[in-house]
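Subject: Structure handover

Hello,

Here is the structure to look over. My notes follow below it.

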Amino acid sequence: GGERQMVLVARGLAQQSSLLVMDEPTASLDYSNQIKILKTIRTLSAQGYTILMTTHFPDHAFLACTVAALMRGGYVAACGRDQ
């Protein structure tokens with residue numbers, strides 16, 4: 001699972017995309033591979049890539065995101081930046 005996710009990230013990079021859209025990028029991964037994917041997302045963001053990802057786990061947002069939006073009922077209920 002982790003290798004497949006990394007291949008999908010690599011494919012986006014090979015296409016020279018500056019924006020990566022990821023829907024639950026850590027789904028079905030063990031904890032170790034979740035951390036690898038989240039660290040990779042954070043590194044790519046620091047390198048200037050724009051990453052839009054969804055997650056049901058607030059801890060993942062804390063590990064990987066610089067800006068987070070909380071959705072409720074189809075609307076943005078809150079939004080904030082990494083300090």
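Glu 24 counts as buried, at 15% relative accessibility. Buried means under 20% relative accessible area, exposed means over 50%, and partly exposed lies in between (1.4 Å probe, protein chains only). Glu 24 sits in the loop between β1 and α2 (31-46). Its phi is near 50°, a positive value in a residue other than glycine.

Some background before going on. This is a predicted model, where local features need pLDDT of at least 70 and side-chain atom pairs count only at pLDDT 80 or more, while totals for chains, interfaces and linings use all residues. Residues are numbered from 1 along each chain as its sequence is written, and side-chain values use heavy atoms, with hydrogens and water left out.

Gln 16 also has a positive phi, near 55°, and is not a glycine. Gln 16 lies in the loop between α1 (2-14) and β1 (19-23). Gln 16 is exposed, with a relative accessible area of 74%. Helices (H or I, at least four residues) and strands (E, at least two) are DSSP runs, numbered from the N terminus.

**The core**

The largest nonpolar core has 12 residues in all: Val 9, Leu 20, Met 22, Leu 29, Ile 37, Leu 38, Ile 41, Leu 44, Met 53, Ala 61, Ala 64 and Cys 65. β1, α2 and α3 (58-64) each supply at least two residues of this core. The largest share, four residues, comes from α2. Such a core is a set of buried Ala, Val, Leu, Ile, Met, Phe, Trp, Tyr and Cys residues joined through side-chain atoms within 4.5 Å. In soluble globular proteins, nonpolar side chains tend to be buried together.

**The cysteines**

How many disulfides does a search of the whole structure find? It finds zero (a disulfide is a pair of cysteine sulfur atoms within 2.5 Å). Cys 65 is in no disulfide, and the nearest cysteine sulfur, that of Cys 79, is 11 Å away. Cys 65 counts as buried, at 16% relative accessibility. Cys 79 is in no disulfide either. Cys 79 is exposed, with a relative accessible area of 58%.

**Leu 52**

Leu 52 is found in strand β2 (residues 50-54). Is Leu 52 buried or exposed? Leu 52 is exposed, with a relative accessible area of 52%.
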